[in-house]
Amino acid sequence: MIGSMNLELQAKVADSKKIAPLLEGAIDMHYHGYPEITLGVLARMEDAEVLELGRSMGMRGIVFKSQMWPTMGRTHLLKDRVPGIEGFGSITLNSVVGGLSPWVVEAAARQGAKVVWMPTWSSAYKLGQDGFSKFMKTWFPTLKFEPGLSCIDSSGNLTPEMKSIVALAKEMNLVLCTAHIHPNDSLAIAKEAERIGFTKLVFTHPLSGSVSATPEQTKEMIQRGATAELIALNIFYGNALDKMLDLISQIGAKHFIMSTDSFMEWVPPGPSFSECSSVVC
């Protein structure tokens, strides 16, 4: 529970010499801090404690993601509180922050965002029916999903707004993550990124139920220059380890990153989750 993890933190710090060498200088690209959804959806640790734990393990930094609000203000305040490790701010382009808006992306970048995520629960893909969006109704009974957000038009072409977002990501040196959009939307973004020479595109957890990409779609994303993300959460929830190992063997480890997607109380705190996943994979 939040605020009750000091003993666990101290134990982890004392045991830090045994941590897998893969965590030295590592960045967890996908960590959900607290608060994330509501104050009642708890995490294992406060954000400052998570950063302290990551620092003790030799990590370089952690990207804080929220599916509700930008995290730049949070990471700005944490910078002086927990020196020696970086907390990276990000924004997720759900409807609550303005959706797929180039202006929103520019504003976030000028406040220090380093990572931009496409929509999650606002995505037109599986809207309110599957993946993470089905849980949103339990937390927000008045939530109206429609209209869902899509990056492509009825002809399958990338929208002008989305083209502008990709261009801004290149211009402002941002990492662009596909989140929970349809794999076809992701492929359209990858084609545009390839066309303009944008190389910081991440295909978010293709094995997750919120995306459900095929191996062929994942391979095409990588062929077009994207990096594919595998998450520790899918090892502990979803039993996707065999699929992960198969993809890695088919495509090559250099095309993947491993993040945690650590979220809520029932998973280990982020840095510990990183340790588990680096040892397993």
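Predicted model: local features only at pLDDT ≥ 70, side-chain atom pairs only at ≥ 80, totals over all residues.

User: Okay. How many helices and strands does the chain have?

Analyst: There are 11 helices and eight strands. The chain has 281 residues, and 52% of them are buried.

User: What share of the contacts join residues at least 24 apart?

Analyst: If you take contacts between residues at least 6 apart in sequence, 77% join residues at least 24 apart.

User: And the largest nonpolar core, how many residues has it got?

Analyst: That core has 46 residues. Leu93, Met118, Met162, Leu176, Ile189 and Leu201 have the most contacts inside it. Several elements supply at least two residues each, including β3 (86–92), α4 (102–110), α6 (160–171) and β6 (201–203). The one that gives the most is α7, with six residues.

User: Which residues does Leu201 touch, then?

Analyst: Leaving out neighbours within four places in sequence, Leu201 is in contact with Leu176, Thr178, Ile189, Ala190, Ala193, Met221, Ala226 and Thr227.

User: How do the axes of α7 and α8 cross?

Analyst: They come within 9 Å and cross at roughly 15 degrees. That's under 35 degrees, so α7 counts as roughly parallel to α8. The crossing is left-handed. On the α7 side, the contact is made by Pro183, Asn184, Ser186, Leu187, Ala190, Lys191 and Glu194. From α8 come Gln217, Glu220, Met221 and Gln223.

User: What comes just after α8?

Analyst: Gly225, which takes a positive phi of about 110 degrees.

User: Which residues have a positive phi although they're not a glycine?

Analyst: Ala179 is one of them, with a phi of about 60 degrees. Asp261 is another, also at about 60 degrees. You'll find Ala179 in the loop between β5 and α7, while Asp261 is in the loop between β8 and α11 (270–280).

User: Are those two buried or exposed?

Analyst: Ala179 is buried, with a relative accessible area of 1%. Asp261 has a relative accessible area of 9%, which is under 20%, so Asp261 counts as buried.

User: Where's the cis peptide bond?

Analyst: It joins Tyr34 and Pro35, with omega at about 0 degrees. Pro35 is in the loop between β1 (27–32) and α2.

User: Last one: where is Gly54, and what is it in contact with?

Analyst: Gly54 is in helix α2 (residues 47–56), and it's buried, with a relative accessible area of 0%. Neighbours within four places in sequence aside, Gly54 is in contact with Met59, Ile85 and Pro271. Gly54 and Glu86 are 32 residues apart along the chain, and 9.7 Å separates their C-alpha atoms.

Notes
Residues numbered from 1 in each chain as written. Heavy atoms only, no water. Core = buried A, V, L, I, M, F, W, Y, C linked by side-chain atoms within 4.5 Å. Buried < 20%, exposed > 50% of the residue type's maximum accessible area, 1.4 Å probe, protein only. Helix = DSSP H or I, 4+ residues; strand = E, 2+ residues; numbered from the N terminus. Contact = heavy atoms within 4.5 Å. Axes fitted to C-alpha atoms, helices over the stretch in contact; angles between N-to-C directions. Parallel < 35°, antiparallel > 145°, perpendicular 65-115°, else oblique. Left-handed = near helix turned anticlockwise from the far one by under 90°.
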